[in-house]
Structures are given as structure tokens and as C-alpha cells.
Amino acid sequence: MTNPLGQPGRPAPGLPTPPSGWPVGSYATYAEAQHAVDYLSDQNFSVQDVTIVGVDLMQVERVTGKLTWPKVIGGGIVSGAWLGLFFGLLLGIFSTDFLGPLLVGLVGGIVFGLISATIPYAATRGQRDFSSTMQLVAGRYDVLCEPKTAERARDLLAKLAI
């Protein structure tokens with residue numbers, strides 16, 4: 001079956017398939033790998049044959065701070081107020097009285113925000129008293145190239161000093 005929107009020999013975008021090609025460079029950061037591919041593009045290399053692959057994937061959770069009841073309640077009030085303000089504005093646009101729906105939306109949003117923030121925090125019972133962000137990072141980034149052009153890509157990248 002052919003894909004009229006894709007390239008011949010390459011699977012349809014979005015489908016999980018293992019990468020193919022020969023390694024032509026390996027870099028410590030994604031920015032370095034991206035710079036290498038950009039350099040290949042600047043040298044009029046056919047970059048559609050190139051793939052950047054993150055190797056040795058790690059899920060990294062960076063702790064951003066301690067959670068306390070005042071922070072949880074304050075965060076619930078602020079996020080709920082924004083949501084309520086949005087819905088209040090929407091209702092106010094379609095109403096003859098603008099201030100009434102705005103206040104109802106704001107108060108309702110604050111109540112909803114408080115409930116949606118405090119119940120999950122209370123359910124943890126102190127087991128997770130910190131906030132964090134999650135990232136998926138790689139130990140290294142390999143640049144792969146289709147075999148037909150891999151030698152030229154390797155020669156060009158050898159001239160690039162990263």
C-alpha cells in the first residue's frame with residue numbers, strides 16, 4: 001500500500017516504528033544534534049534522509065518546591081478564579097446584565113478551584129508534599145542517515161566542530 005502524502009520507503013508519520021539508517025554522529029544534547037542537522041542542511045545535504053534519535057531515555061522529575069496547605073488553597077483559588085472569570089465573561093456577553101454573571105462565574109470558579117485542589121492534596125495524607133515537573137530526556141542523541149547518503153553526511157559532520 002502506498003502513502004500519497006509520505007515519502008517512498010519511509011513509514012507514515014506518527015506511527016511508532018524503530019528508526020533506520022547508519023549512525024553518522026552522536027551528541028550529548030539535543031541542541032548539538034539539531035545543530036548538526038542544520039549544518040547538513042546548510043551544506044545542501046538531503047536532510048529528509050536524516051533522523052535524530054534519543055538513546056538511553058530517562059524520565060526526570062525535577063522538584064520545584066514544598067507544598068503546604070496555604071499554597072494548595074491559594075493555587076486552587078487562583079486557577080478557579082481564572083476559570084470562573086472566563087465562564088462569567090462568556091455568560092456576560094450573552095446577558096443583558098454583565099456584572100451578575102461575571103460575579104457568579106468568579107465565585108463558582110473559586111469554589112470549584114478550591115474543591116479540585118484541596119481534595120486530591122488531602123487524599124495524599126502528606127505522602128507527596130512537594131511540587132515537580134516531569135521531563136523525558138535522553139542520555140545521548142544519535143544522528144542517523146539512510147545508507148545511500150550516510151558516507152557523505154559523515155564526511156560533512158567531520159568538518160563540523162561542536
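Which residue just after α3 takes a positive phi? Arg125 does, at about 50°. The model is predicted: local features need pLDDT of at least 70, side-chain atom pairs count only at pLDDT 80 or more, and totals for chains, interfaces and linings use all residues. Residues are numbered from 1 along each chain as its sequence is written, and side-chain values use heavy atoms, with hydrogens and water left out.

## Helix α3

Helices are DSSP runs (H or I, at least four residues), strands likewise (E, at least two), and both are numbered from the N terminus. Helix α3 covers residues 99-124. Its 26 residues should span 38 Å at 1.5 Å a residue. The expected span is 1.5 Å times one less than the number of residues. The end C-alpha atoms of α3 are 38 Å apart, which agrees.

Several residues of α3 are buried: Pro101, Leu102, Gly105, Gly109, Gly113, Thr118 and Tyr121. Buried means under 20% relative accessible area, exposed means over 50%, and partly exposed is in between (1.4 Å probe, protein chains only). The cover over these buried residues includes α2. Contact here means heavy atoms within 4.5 Å.

## Aromatic pairs

A pair of aromatic rings is described by the distance of the centres and the angle of the planes. Rings of Phe, Tyr and Trp (its six-membered ring) pair if their centres lie within 6.5 Å. Planes under 30 degrees apart count as stacked, over 60 as edge-to-face, and the rest as tilted. The whole structure holds 3 aromatic pairs.

One of them joins Tyr30 and Tyr141. The pair is edge-to-face, with 5.7 Å centre to centre and 70° between the planes. Tyr30 sits in helix α1 (residues 30-42) and Tyr141 in strand β3 (residues 130-145), so the pair ties together parts that are 111 residues apart in sequence. Tyr30 is partly exposed at 42% relative accessibility. Tyr141 is buried at 15%.

The rings of Trp69 and Tyr121 also pair. Their centres are 4.8 Å apart and their planes stand at 85°, so this pair is edge-to-face. Trp69 belongs to helix α2 (residues 69-93) and Tyr121 to α3, so parts 52 residues apart in sequence are tied together. Trp69 is partly exposed, with a relative accessible area of 42%. Tyr121 is buried, with 11%.

## Salt bridges

A salt bridge is a side-chain nitrogen of Lys or Arg within 4 Å of a carboxyl oxygen of Asp or Glu. By this rule the count is 3.

| Salt bridge | Closest N to O |
|---|---|
| Arg140 and Asp56 | 3.7 Å |
| Arg140 and Asp142 | 3.1 Å |

Arg140 lies in strand β3 and Asp56 in strand β2 (residues 50-66), so their bridge ties together parts that are 84 residues apart in sequence. Arg140 is partly exposed at 32% relative accessibility. Asp142 is buried, at 12%. Asp56, Arg140 and Asp142 are linked in a network of salt bridges.

The Glu61 and Arg128 bridge links distant parts of the chain. Glu61 is in strand β2, Arg128 is in the loop between α3 and β3, and the two are 67 residues apart. Glu61 is partly exposed with 33% relative accessible area. Arg128 is partly exposed with 37%.

## A nonpolar surface patch

Patches are made of residues with over 30% relative accessible area and no salt bridge. Like charges are joined within 9 Å, and nonpolar side chains (Val, Leu, Ile, Met, Phe, Trp, Tyr) within 5 Å. Areas come from the Shrake-Rupley method with a 1.4 Å probe; for residues, only the protein chains shown count as cover.

Leu83, Phe86, Phe87, Leu89, Leu90, Ile93, Phe94, Phe98 and Phe112 form a nonpolar patch on the surface. Together they have about 950 Å² of accessible area. Helix α2 gives the largest share of the patch, 6 residues. Phe98 is in the loop between α2 and α3. Phe98 is partly exposed, at 40% relative accessibility.

## Ala36 in helix α1

Where is Ala36 found? Ala36 is in helix α1. Ala36 is buried, with a relative accessible area of 0%. The C-alpha atoms of Ala36 and Ser26 are separated by 9.6 Å, and the two residues are 10 residues apart along the chain.
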